Every structure is written in structure tokens, then in C-alpha cells.
Amino acid sequence: MTCAHKRRTDRRRIVAPIAALLALLLLIGAAAQPDFGQPAPGQRVYDRTGALSAEQVASLEQRASAVEGAGAPAFVYLQPRDTDYDETVEDARDLMDAWDIQSAPDARDGVVIFFNLEPDDLEHGDYAVVAGESLIAGNLPQRELDRITNAMQPLLEDGEIARAIGLALDAIERDLRVGPPPPPPPSGFEQFADDAAGDAVSILNIVAVVVAAGATWLLARARPKRRVSNAPVIPATAPHNAQPPALAGALVTGGATDADIAATILDLAARGALAVEPDGKKKVRIQLLDESLARPGYEQSVWRAFAQRADDNGVVAGKQLSASRKDWGNIRAVIQRELVESDLIDPNAGKRRTPFYVAAASLFVLMLVAIVLTVVAESPWAIIAIVALGLAAALALGVAFEIPSTTPEGDMAAASWRGYQRYLKSAGKNPQVNLDLDTAVPYAVALGAGGALDKRLKAASADGYLPAWLGGSQDDAWASGFYPYWIAFNSSVAPTTTSTATTTASTGSGASGGSF
């Protein structure tokens with residue numbers, strides 16, 4: 001075999017599997033999409049069921065053409081499929097997107113009348129009339145779409161599918177040419193909403209402004225004299241006493257949080273009670289080492305949360321690490337109780353906030369009533385009432401938040417920690433500031449300053465620094481640096497989600513229909 005022939009053979013061996021994989025991916029992608037077939041030029045009615053006669057199809061073609069002549073491309077599609085109304089709406093929108101049913105890109109002015117008929121009984125099924133966003137905002141509003149499908153329903157129940165489709169197409173053409181019928185006369189509630197909220201000087205606005213003004217006056221008088229913001233911040237460049245990170249963080253925030261528990265895990269690792277270790281690529285696990293180094297109270301609670309999920313070797317794997325979060329509510333309660341017993345947290349702070357929470361909730365309920373009246377009356381003037389009540393409700397919440405969770409002694413204890421918190425945040429911005437990362441990071445996590453140190457941690461990882469608060473040893477597992485595992489640790493204790501959105505021909509469309 002020549003070298004050239006061998007190279008061609010080798011290339012075929014490589015290319016063939018790749019081509020097969022691409023073909024498989026294309027088949028999977030095609031299977032995931034509804035198969036409506038391809039639209040034929042000039043055809044607007046597609047009956048995949050045989051429920052319509054040739055004469056009926058021809059008549060509906062003319063009517064659909066008339067709708068298009070009035071300004072909106074209209075398609076009718078019937079297929080055998082045992083499903084429900086919601087899926088029929090999705091099928092209609094999928095067809096609108098797949099066939100790009102609109103007069104121009106981003107016009108969103110198409111109409112789809114879609115039927116999913118029962119395969120064993122073509123006289124029954126589900127139907128949907130879907131209209132593009134510009135039609136819903138124009139001559140084919142949602143109320144008119146509902147009126148048309150309500151008129152179709154009796155015909156469909158009598159088995160007159162073609163007549164029902166023709167009625168819908170005729171009504172849509174008429175609406176596009178001359179506009180929809182006038183809305184029905186307002187109901188008693190709609191008339192009440194218009195009377196109460198229709199003008200600038202309306203009953204709703206007057207009542208809302210008076211209530212909001214009265215609530216503001218009362219809240220100003222009830223504002224506490226000793227507030228959270230009154231505590232002075234004492235500059236500090238290091239932890240000012242032997243208080244653990246969790247207690248320091250809870251003092252600053254006024255209550256225990258998950259960040260305090262994450263900081264406790266790091267603190268326990270720094271003291272040799274446990275270790276945070278690599279567990280495969282960019283994953284971590286907990287290795288329990290010495291329970292005697294965990295202090296009684298919340299540290300023992302953290303230990304037990306891991307111990308009950310550890311294997312025989314004392315290892316808590318990734319999934320079990322996340323499962324341990326189920327116990328964190330109890331651990332937060334233990335931290336809170338320790339601060340109360342130390343006379344640093346006020347156990348009655350919640351009770352003193354309750355009247356302000358009730359006031360805020362009442363004002364929000366009144367604001368919701370104002371919003372409902374605004375929507376029903378379609379009056380922009382009612383925004384005055386909504387804003388007035390919303391501001392008063394926000395003020396009530398603000399006063400509640402100003403009531404300190406800490407006692408006067410707790411205020412003084414938290415002051416130095418706030419100073420250290422500021423120092424940690426400034427040190428993260430200025431790499432020239434000397435900082436002992438072994439000591440600082442657990443406190444930074446508890447004090448909400450962990451993110452500020454991210455760049456310094458990444459640089460330290462690249463320089464070969466192995467933190468004490470992971471409790472690891474110098475071995476091959478850390479050869480690439482600790483930083484990827486630091487990210488994995490944070491992901492385990494604070495998972496996040498993301499979402500995406502797209503825009504197509506059916507975006508913003510309205511739908512109506514039902515079953516028959």
C-alpha cells in the first residue's frame with residue numbers, strides 16, 4: 001500500500017464516524033421539531049386528516065386568500081393527533097414559526113387556525129386560533145379572538161368543522177378591513193372602576209393620598225431612636241478578638257445566614273477538623289478528620305450534618321455535600337441562639353418589627369386594589385394612587401429594617417467587624433495591601449466580602465498558594481491550583497441558575513380556542 005493510499009484510508013476512517021455522528025445529530029434535531037411538512041406556493045389550507053371535502057377546502061382557500069388580501073397571511077392546518085388544548089396552541093405557534101407566517105420579518109401579523117383531531121374520531125378534538133402580536137394590538141384584539149372562537153364552538157360540537165373555519169376566516173377578514181365590533185357595555189364593576197379611578201382628581205387618588213400621608217406621619221413618629229445605621233464603624237485591619245467568623249457575620253447582618261455556615265466550614269478546615277478536597281475535575285468533597293476540634297454548639301451541628309452523610313471513610317461526596325444544606329436552617333437557629341444567650345442579639349426585635357410589617361402589608365394590599373382598578377378602568381391617572389401607597393408601604397418596610405437586631409452591646413461588638421469588613425473590601429481592590437489570606441477568607445465569606453477577594457485568590461492560586469482554610473496537603477491533586485476547587489466549593493453551598501429567551505414570528509401572539 002502506498003503512503004498516499006494509506007493517508008486516504010486513514011482519512012476515511014476518521015471522516016466516516018464524524019459524518020455518521022453529524023447525521024445522527026441532525027436526525028435527533030429534526031425529531032425534536034414538529035413535522036408539518038413544507039408549505040406549497042399559493043396553498044393556505046392543509047388538511048392532513050381527510051375531514052374536509054375538496055369543495056370545502058376550495059371554499060376555505062378563497063376565504064383565507066381574502067384574509068391575506070385584507071393584510072394578514074392566514075393558514076388553516078388540520079392533523080390527526082390525540083392531545084389537549086394547550087398543546088394545540090403550542091402546535092399552532094410552532095407552525096407559525098416553522099413556516100414564518102407573517103407578511104415581513106418581525107411583522108408578527110399572521111393568523112393560524114389549527115386543529116388536532118382525534119385519530120379515531122375526526123369529528124372531535126381541539127382547536128386554536130392564534131393571531132400575531134401586531135393583530136392583537138390592532139384590529140384583532142384578544143376579546144375579538146375570544147368572540148370568534150365562542151361563535152365557532154356550537155358549529156364544531158355539531159360536527160360542522162368547515163363551517164366553523166369559514167366563520168372564523170370571514171370574521172377575521174371583516175375585522176381587518178373595518179375594525180372589530182365595539183366592546184360590550186361595561187359591567188357594573190367596570191363602571192365602578194371608571195367612576196373611582198377615571199380622573200386625576202378621583203376618589204381612588206384622594207383616598208390613597210390621604211391614607212399614604214397619614215401613614216407617613218405615623219411612621220415618622222414611630223421611627224426608632226436607636227437604629228442600625230447609628231452604630232459607629234471602628235476601623236480594623238485584622239479580626240479584633242477570637243470571635244469565630246460565623247458569629248462575626250451574624251452580628252453584622254443582624255442574623256445568621258448560609259454564608260456564616262460556609263465560613264464555619266472553612267474555619268473548621270483551617271483548624272484541622274476537616275478538609276475540603278478535590279473530587280475529580282472541578283469538584284470538591286469534605287473529608288472529616290477530628291471531631292474534637294469542633295466547638296460545642298453550631299460547629300458540632302455542622303459536623304453532625306456532614307457526619308450523617310459521610311461514608312465509612314468519613315468522606316462526604318459532592319451530592320451529599322449539597323444534601324447537607326437541608327440541615328442549615330437548624331444550624332442558623334443555633335448560631336442565633338448563641339448570640340441571644342450572649343446578650344448580643346435582641347430576641348424581641350422581631351416583635352417590634354411586626355406592627356410595621358403589618359402596616360406595609362396593608363398598604364401593599366391597598367396598592368393591589370388600586371392596580372386592579374387601574375387595569376379595569378384603563379386610567380393612567382390612577383398611577384398617582386399606586387405610587388403614593390407604594391411609597392408609604394416602602395417607608396413602613398424601611399422603618400422595620402431600621403430596628404436593630406442587635407442589643408447596644410451587640411452594636412459595639414459589630415462596629416469593629418464592620419470596620420474589618422470595609423478593610424477586606426478595600427484590600428480586594430488594592431493588591432498592594434498586605435493581607436493574610438489564611439485568616440481573612442473565612443471572615444470575608446461571613447462578612448459578605450468574599451467576592452471582593454476573588455482576584456487576589458485567583459492570583460494566589462496561580463502562584464502556588466495552598467490555603468489553610470481548605471485543609472489540603474501539597475500533592476498532585478492541587479497541581480493546577482486551588483482556585484477551580486474554590487469555585488466548586490462556592491457552587492456547592494450557593495447554587496445558581498440561568499435562563500435565556502428568543503424572539504420568533506409567534507412571540508407575543510394571542511390565542512383562543514378549546515375542545516369539542
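The model is predicted, so local features need pLDDT of at least 70 and side-chain atom pairs count only at pLDDT 80 or more, while totals for chains, interfaces and linings use all residues. Residues are numbered from 1 along each chain as its sequence is written, and side-chain values use heavy atoms, with hydrogens and water left out.

**Exercise 1. Find which residues of helix 9 are buried, and what they pack against.**

Step 1. Locate helix 9, residues 245-253; helices here are DSSP runs (H or I, at least four residues), numbered from the N terminus.

Step 2. Check the burial, where buried means under 20% relative accessible area with a 1.4 Å probe and protein chains only. Eight of the nine residues qualify: P245, A246, L247, A248, G249, A250, L251 and V252.

Step 3. Look for their partners, taking contact as heavy atoms within 4.5 Å. These buried residues pack against helix 10 (258-270), helix 11 (298-307), helix 13 (328-341), helix 16 (408-429) and helix 17 (437-446).

Step 4. Step past the end of the helix: G254 follows, with a positive phi near 85°.

**Exercise 2. Describe how helix 9 meets helix 13.**

Step 1. List the contact residues: A246, L247, A250 and L251 from helix 9, with I335, E338 and L339 from helix 13.

Step 2. Sort them by class: six are nonpolar, none polar and one charged.

**Exercise 3. Work out what lines the two pockets.**

Step 1. Take the largest pocket, about 270 Å³. Its lining is P183, P184, P185, P186, E190, D194, V376, A377 and E378, and by class that is six nonpolar, no polar and three charged.

Step 2. Turn to the second largest pocket, about 150 Å³. Its lining includes F192, I203, V211 and L389, and divides into 11 nonpolar, no polar and no charged residues. Helix 8 gives the largest share, five residues.

Notes: Buried means under 20% relative accessible area, exposed over 50%, partly exposed in between (1.4 Å probe, protein chains only). Helices (H or I, at least four residues) and strands (E, at least two) are DSSP runs, numbered from the N terminus. Axes are lines fitted to C-alpha atoms, for helices over the stretch in contact, and angles run from 0 to 180 degrees between N-to-C directions. Ala, Val, Leu, Ile, Met, Phe, Trp, Tyr, Cys and Pro count as nonpolar, Asp, Glu, Lys and Arg as charged, and the others, Gly among them, as polar. On a 1 Å grid over the protein atoms alone, a cavity is a set of points where a 1.4 Å probe fits but cannot get out, and a pocket is an open set with protein on both sides within 12 Å along at least five of seven lines; lining residues have an atom within 4 Å of a point. Grid points are joined across faces, edges and corners, and a volume is the space filled by probe spheres set on the points.
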